Amino acid sequence: MAERVLIVDDDTRLSAMLADYLSGNGYTVDTAATATAGLADLNRRAPDVVILDVMLPDLDGFETCRRMRAVSDVPILMLTAKGEETDRIVGLELGADDYLPKPFNPRELLARLKAILRRRNGSAAVSRTFRFGRLEIDPGSRSVRIDGRECALTSYQFDLLVALAENAGRTLSREQLMDMVKGEELEAFDRSIDVHVSRIRAAIESDPKHPRRIITVRGAGYVFARFQDDER
């Protein structure tokens, strides 16, 4: 069955161009010109991935992203003319999985969609459950729990956490983490990893300001603690 893409953008010419391009590459594509219509389609059509514009006429894309994330873990790629780093960070903090500024090359958009969907589908096939003290990471169900309590993460943040857990005790640079999670070399910005790590810490650390699970190695990157919660 073809994977379903929902495009939420008030630029109808751009949406039509993208719909044709993605349909020609095997996707089923729905379009919505407003945030209200996009939120309705999220529930009605259950897309596999959402392409979300920031400049919408009825509600800005950041708030739309927040509302989508409140009801669904569907991957969200934000596509917008706002390319400033602060705008990207806001989008990622609200739960977006990736960010691509306009103007863009449709081939790059397609590559990013494939990477997002490959991460989502690939992780589902992994059955090994990671346990670090009170922390449990289950790639099969894509869930994270502490003492049985569910921790909310976006699709990207979950994959980043799995990449760290698979290499527990090993320092990983930001570039290595981006390559592991995206699965291929794509342009990104260094602080995107920092933003996602910050959000993961908020979800799994007892004190995010003094993390014990994901440790910053100054000038090198991050290391996921092999032993946690005083286990040895």
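A salt bridge is a side-chain nitrogen of Lys or Arg within 4 Å of a carboxyl oxygen of Asp or Glu. I start my notes with that term.

**Ground rules**

I am working on a predicted model, where local features need pLDDT of at least 70, side-chain atom pairs count only at pLDDT 80 or more, and totals for chains, interfaces and linings use all residues. I number residues from 1 along each chain as its sequence is written, and side-chain values use heavy atoms, with hydrogens and water left out.

**Entry 1: salt bridges**

How many salt bridges does a search of the whole structure find? I get 18. Side chains of opposite charge can pair when their charged atoms come close.

I looked up Arg44 and Asp41. Their side chains form a salt bridge, at 2.3 Å from N to O. Both residues sit in helix H2 (residues 35-45), three residues apart, so about one helical turn separates them. Helices here are DSSP runs of H or I with at least four residues, strands are E runs of at least two, and both are numbered from the N terminus.

Is Asp41 buried or exposed? I find Asp41 buried, with a relative accessible area of 5%. Arg44 is exposed, with 56%. For the cut-offs, I use under 20% relative accessible area for buried, over 50% for exposed, and partly exposed in between (1.4 Å probe, protein chains only).

Arg44 and Asp41 also belong to a network of salt bridges that links them with Arg4, Asp30 and Arg45.

Next I checked Lys102 and Asp9. Their side chains meet in a salt bridge of 3.2 Å, N to O. Lys102 lies in the loop between strand E5 (98-101) and helix H5 (106-125), and Asp9 lies in the loop between strand E1 (4-8) and helix H1 (12-23), so this pair ties together parts that are 93 residues apart in sequence. Asp9 is buried at 3% relative accessibility. Lys102 is partly exposed at 24%.

Asp229 is in the segment after strand E12 (221-224), and Arg213 is in the loop between H8 and strand E11 (214-217), 16 residues apart. Arg213 is buried, with a relative accessible area of 3%. Asp229 is partly exposed, with 32%.

**Entry 2: cysteines**

I searched the whole structure for disulfides (pairs of cysteine sulfur atoms within 2.5 Å). The search finds zero. Cys65 is buried, at 0% relative accessibility. Cys151 is buried too, at 6%.

**Entry 3: a sheet**

I traced an open sheet of four strands, with the order E6-E7-E8-E9 and antiparallel pairing. Two strands pair if DSSP finds at least two bridges between them. Strand E6 (130-132) and strand E9 (149-150) are the edge strands, and each pairs on one side only. E6 and strand E7 (residues 135-138) are joined by three bridges. Within E7, Leu135 is the bridge partner of Phe132.

**Entry 4: Ser198**

Where is Ser198? I find Ser198 in helix H8 (residues 190-204). Ser198 is partly exposed, at 44% relative accessibility. Glu93 is 105 residues from Ser198 in sequence, but their C-alpha atoms are 8.9 Å apart in space.
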